[in-house]
Amino acid sequence: MMHVACKDLGLESCPFVAEADKPRKVENMMLEHIRDEHPEMIAGITDTQHSALEHRIREHISAD
Ligand SMILES: [Zn+2]
């Protein structure tokens, strides 16, 4: 499985881990979680900043 954790993105107090069989799904799962649980992280950011966030998520996806 592929996974990425909120802790990987600097959200130390959040135990959430997005896990799926494809990186694309992990990324979407994490973006959905951020929208629901960490809306302050994406409130008012530009498209460029959003792309940077997506890139950061992809960078931290790992496999076990
Ligand atoms: Zn979280």
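From the N terminus on, the elements of the protein chain follow the order β-β-α-α-α-β, with helices (H or I, at least four residues) and strands (E, at least two) taken as DSSP runs numbered from the N terminus. The model is predicted: local features need pLDDT of at least 70, side-chain atom pairs count only at pLDDT 80 or more, and totals for chains, interfaces and linings use all residues. Residues are numbered from 1 along each chain as its sequence is written.

**Nonpolar core**
- Val4, Ala18, Val26, Met30, Ile34 and Ile57 form the largest nonpolar core, a set of buried Ala, Val, Leu, Ile, Met, Phe, Trp, Tyr and Cys residues joined through C-beta atoms within 7 Å.
- Helix H1 (residues 23–37) gives the most to this core, with three residues.

**Helix H1**
- Val26, Met30 and Ile34 are buried in H1 (20 or more other C-beta atoms within 10 Å of the residue's own; exposed means 12 or fewer, partly exposed in between, with C-beta atoms placed from the backbone).
- These residues cover an arc of only 70 degrees around the axis, which puts them on the same side of H1; the arc is that of the directions from the helix axis to the C-beta atoms.
- An α-helix has 3.6 residues a turn, so residues three or four places apart point the same way.
- On the other side of H1, Arg24, Glu32, Arg35 and Asp36 are exposed.
- The cover over the buried residues of H1 includes strand E1 (2–5), strand E2 (17–20), helix H2 (39–42) and helix H3 (47–60).

**Whole chain**
- Buried residues make up 11% of the 64 residues in the protein chain.

Notes
Two residues are in contact if their C-beta atoms, placed from the backbone, lie within 7 Å.
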